[in-house]
Amino acid sequence: FFFLMIRRPPRSTQGVSSAASDVQKRQSTQSTWDIMESANKEGYFGSLKPAQEKALQDFVAQIEKLNAENWKYDLTQFDTYDYLRFLRARKFNVTKSVEMFSNYIKWRIEFGLDQIFLFKFPEKDAVKAVYPHG
């Protein structure tokens, strides 16, 4: 059996669609700057309302107080962006955001999330001998 490959010639007119032009049409026409500008939404860093800034300050103060009293956790790994994620998730309700963040820290402590890089695997050589490809 013979198979013929028939290729459709490219279309030269702009009004008629081709596969390549369809892909280009589907791609975003926004520039990087437009995308960055659209990221300045309400509730994000740099575009907070006064009530949201107050909620952020209250949230940070309560978290630091809870940390000093209960967890003794290294909060330096969290910044304003992280705190705002919790506040946005609870629509800037400080009490609910603090509860959510508190549960998050308790979970990290309970499962030893920050200790994972200290894990030692003494049986590694024995396992590699049996399973050489990992």
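At roughly what angle do the axes of helix α4 and helix α5 cross? The structure is a predicted model, in which local features need pLDDT of at least 70 and side-chain atom pairs count only at pLDDT 80 or more, while totals for chains, interfaces and linings use all residues. Residues are numbered from 1 along each chain as its sequence is written, and side-chain values use heavy atoms, with hydrogens and water left out.

Two packed helices are described by the angle between their axes and the distance between the axes. Helix α4 covers residues 80–89 and helix α5 covers residues 94–110; their axes come within 8 Å and cross at roughly 125°. Helices here are DSSP runs (H or I, at least four residues), numbered from the N terminus. An axis is a line fitted to C-alpha atoms over the stretch in contact, and angles run from 0 to 180 degrees between N-to-C directions. Angles under 35 degrees count as roughly parallel, over 145 as roughly antiparallel, 65 to 115 as roughly perpendicular and the rest as oblique; α4 and α5 are therefore oblique to each other.

The residues that meet are Y83, F86, L87 and A89 from α4, and S97, M100, F101 and Y104 from α5. Contact means heavy atoms within 4.5 Å. Of the residues in this contact, seven are nonpolar, one is polar and none is charged. In this classification, Ala, Val, Leu, Ile, Met, Phe, Trp, Tyr, Cys and Pro are nonpolar, Asp, Glu, Lys and Arg are charged, and the others, Gly among them, are polar.

Within α4, the buried residues are D82, Y83, L84, F86 and L87. Buried means under 20% relative accessible area, exposed means over 50%, and partly exposed lies in between (1.4 Å probe, protein chains only). The cover over these buried residues includes α3 and α5.

Y83 also belongs to the largest nonpolar core, which has 19 residues; F59, L75, Y83 and F101 have the most contacts inside it. Such a core is a set of buried Ala, Val, Leu, Ile, Met, Phe, Trp, Tyr and Cys residues joined through side-chain atoms within 4.5 Å. Helices α3 (50–71), α4 and α5 each supply at least two residues of this core, and α3 gives the most, with six. Leaving aside residues up to four places away in sequence, Y83 touches L56, F59, V60, L75, F78 and F101.

Helix α3 also holds L66, which counts as partly exposed because its relative accessibility is 22%.
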